[in-house]
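Please consult both while reading.

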Amino acid sequence: MTINTERVQVSPNGQHPPGPDLSLSTGAARQLATTTKSGPQTQGSTPRWLLRMLPWVEAPGGTYRVNRRLTYTVGDGVITFAGSGDQLRVIPAELRELPALREFTDEAVLTELAERCSRRDYQPGEVIATLGDSADRICLIAHGKVTKAAAGPFGEPTVLGVLADGQFFGDQVLTEPDARWEFTATAATACTVLSLPQGAVAAIAARAPGLANQLRHYQALRSRPSNHRGEADIALAAGHLGEPELPGTFVDYDASPREYELSLAQTILRVHTRVADLYNDPMDQAEQQLRLAVCELRERQESELLTNPSFGLLTNAAASQRLHTRSGPPTPADLDELLCRRRKTRFFLAHPRAIAAFGRECSRCGVYPESVIVDGATVRAWRGVPLLPCPKIPLSSHGVTSILAMRTGEQDAGVIGLYQTGLPDEREPGLSVRPRGIDHKGIMSYLISAYYSAAILVPDALGVLDNVEVSRWPSPT
């Protein structure tokens with residue numbers, strides 16, 4: 001028997017030395033093969049949960065009017081400040097966010113009130129106002145967090161809430177000279193507070209009849225019967241016996257209801273006829289261009305529904321429905337506080353990093369949130385309410401964001417999306433693709449338009465948890 005002892009030469013990198021090919025190479029074979037291609041992909045596409053979860057309501061006239069019962073408590077907004085450092089000051093017109101000054105428009109008097117505000121910085125743990133003491137000033141929080149606390153029914157301290165940037169307390173001194181602090185206000189973080197003394201307001205009102213009349217008018221409004229939401233009361237009789245005379249009543253409406261006009265996002269898509277004619281197989285070039293453009297338009301639509309100054313949910317949430325985290329990261333207690341402010345909360349909406357931060361806090365507390373199926377996807381939930389991710393919610397460079405909770409639908413007086421269907425050349429509900437012809441350079445163009453808006457039917461339909469820190473990690477144990 002003969003054994004072949006010839007060795008095969010191998011190059012240092014493990015490859016066989018070059019030599020004559022014994023068959024057709026794969027590189028040459030590919031010249032005759034058909035390449036399998038994917039459709040064009042985009043990294044900007046997101047699940048767009050807000051667009052999917054909002055119930056959409058037709059606005060045939062391009063405008064939707066939200067009629068409400070007459071409400072007496074108005075102007076409880078957020079105050080904006082200007083400048084920084086030693087130049088920090090309150091913008092005079094922003095003082096109209098105080099309920100008593102909501103309808104007051106005298107800019108000269110507002111400017112004088114703003115100039116009488118004095119600044120003071122507080123360190124964490126320092127007391128700003130003490131329960132039971134005479135309330136002698138309005139405190140406007142320019143920066144930081146303030147904790148409100150009072151004595152509980154058994155003498156133990158009870159936290160009533162947290163105030164933060166732009167909020168205020170003590171405004172009752174405008175109409176109640178003998179008012180006293182109803183809670184103890186303590187700086188939870190380093191705080192900057194601008195204070196407007198009651199004496200300064202009284203002195204200005206003494207020589208400005210318009211301000212004095214406004215304060216009296218507001219005090220008269222507050223004395224009218226109203227429910228706990230501030231709406232005009234409806235006189236009723238209950239629990240009576242016999243045949244007493246029943247009270248007469250009527251339901252008063254807001255004389256100037258808010259109207260939402262449909263906004264729009266538009267673009268002009270251009271495709272050269274040579275591209276559409278010669279390079280249209282296996283994929284329709286114009287169709288792929290339209291698909292990607294429509295996707296980007298829908299992304300912008302969702303972003304506008306959140307952040308648009310006119311109708312965006314983040315910017316139009318009522319101040320009474322804006323809460324602040326107790327310690328920074330979103331804890332189960334924070335989401336419970338947000339959840340209890342409304343009935344039938346359908347979902348939370350949060351930045352993905354906020355959801356991750358909430359998961360870390362749950363693990364730290366030994367709590368494990370359940371998961372639910374929403375539209376075929378498995379998502380995290382809290383108390384059975386889905387926690388849906390939305391990267392379009394702003395996230396600051398310091399890792400601070402917000403979490404939204406909302407009730408939806410007209411039947412439940414919730415949040416609704418607005419659109420109009422039946423548009424010319426409609427491609428999707430509320431979105432049209434209108435051909436504009438071919439220009440002298442042989443370029444086809446399409447006008448793509450999306451019409452939309454959002455409306456909050458009653459204030460408690462939407463709640464926002466602000467100052468959510470997502471970059472703080474729990475210390476290892």
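## Overall form

The structure is a predicted model. Its secondary structure comes to 10 helices and 25 strands. The radius of gyration is 31 Å, whereas the globule rule gives 23 Å for 477 residues; the former is well over the latter, so the protein is more spread out than a compact globule. Along the principal axes, the C-alpha atoms fill a box of roughly 115 × 60 × 60 Å.

Of the 477 residues in the protein, 42% are buried. Among contacts between residues at least 6 apart in sequence, 73% join residues at least 24 apart.

## The second largest pocket

Rolling a probe the size of a water molecule over the atoms shows where empty space is left. In this model, the second largest pocket holds about 450 Å³ of space. Its lining consists of 18 residues, and those nearest the centre are Leu314, Arg322, Ser402, Asp466 and Asn467.

Which secondary structure elements each supply at least two residues of this lining? They are helix H8 (313-316), strand S15 (322-324), strand S20 (400-406) and strand S25 (462-469). Strand S20 provides the largest share, with 3 residues. Sorted by class, the lining of the second largest pocket comprises 7 nonpolar, 8 polar and 3 charged residues.

## Backbone geometry

Most residues other than glycine have a negative phi, and most peptide bonds are trans.

The peptide bond that runs from aspartate 281 to proline 282 is cis, and its omega is near 15 degrees. Proline 282 belongs to the loop between helix H6 (273-278) and helix H7 (285-307).

Arginine 383 is not a glycine, yet its phi is positive, at about 55 degrees. The residue occupies the loop between strand S18 (377-382) and strand S19 (385-389). With a relative accessible area of 54%, arginine 383 is exposed. Aspartate 425, also not a glycine, has a positive phi of about 55 degrees, and this residue lies in the loop between strand S21 (415-419) and strand S22 (426-428). Is aspartate 425 buried, exposed or partly exposed? Its relative accessibility is 43%, so aspartate 425 counts as partly exposed.

## Buried residues and their contacts

Leucine 95 is situated in the loop between strand S4 (89-90) and helix H3 (107-115). Its relative accessibility is 0%, and it therefore counts as buried. Leaving aside residues up to four places away in sequence, leucine 95 touches Val90, Leu101, Leu110, Leu113, Ala114 and Leu140. Leucine 95 and valine 400 are separated by 305 residues in sequence and, from C-alpha to C-alpha, by 27 Å in space.

Why does glutamine 214 count as buried? The relative accessibility of glutamine 214 is 9%, and a residue counts as buried because its value is under 20%. This glutamine is part of helix H5 (residues 209-222). Apart from residues up to four places away in sequence, glutamine 214 is in contact with Ala100, Leu101, Glu103 and Phe104.

Glutamine 172 is located in the loop between strand S10 (168-169) and strand S11 (184-187). At 18% relative accessibility, this residue also counts as buried, the cut-off being under 20%. The contacts of glutamine 172, again without residues up to four places away in sequence, are with Ala135, Ala179, Arg180 and Trp181.

## An exposed glycine

Glycine 61 is found in the loop between strand S1 (56-58) and strand S2 (63-66). Is this glycine buried or exposed? Its relative accessibility is 68%, so glycine 61 counts as exposed. In sequence, glycine 61 and glutamate 261 are 200 residues apart. In space, the C-alpha atoms of glycine 61 and glutamate 261 are 9.0 Å apart.

Technical notes
Residues numbered from 1 in each chain as written. Predicted model: local features only at pLDDT ≥ 70, side-chain atom pairs only at ≥ 80, totals over all residues. Heavy atoms only, no water. 1 Å grid on protein atoms, 1.4 Å probe; cavity = no way out; pocket = protein on both sides within 12 Å on 5 of 7 lines; lining within 4 Å. Points joined across faces, edges and corners; volume = space filled by probe spheres on them. Helix = DSSP H or I, 4+ residues; strand = E, 2+ residues; numbered from the N terminus. Nonpolar A, V, L, I, M, F, W, Y, C, P; charged D, E, K, R; others polar. Buried < 20%, exposed > 50% of the residue type's maximum accessible area, 1.4 Å probe, protein only. Rg over C-alpha atoms; globule rule 2.2 N^0.38 Å. Contact = heavy atoms within 4.5 Å.
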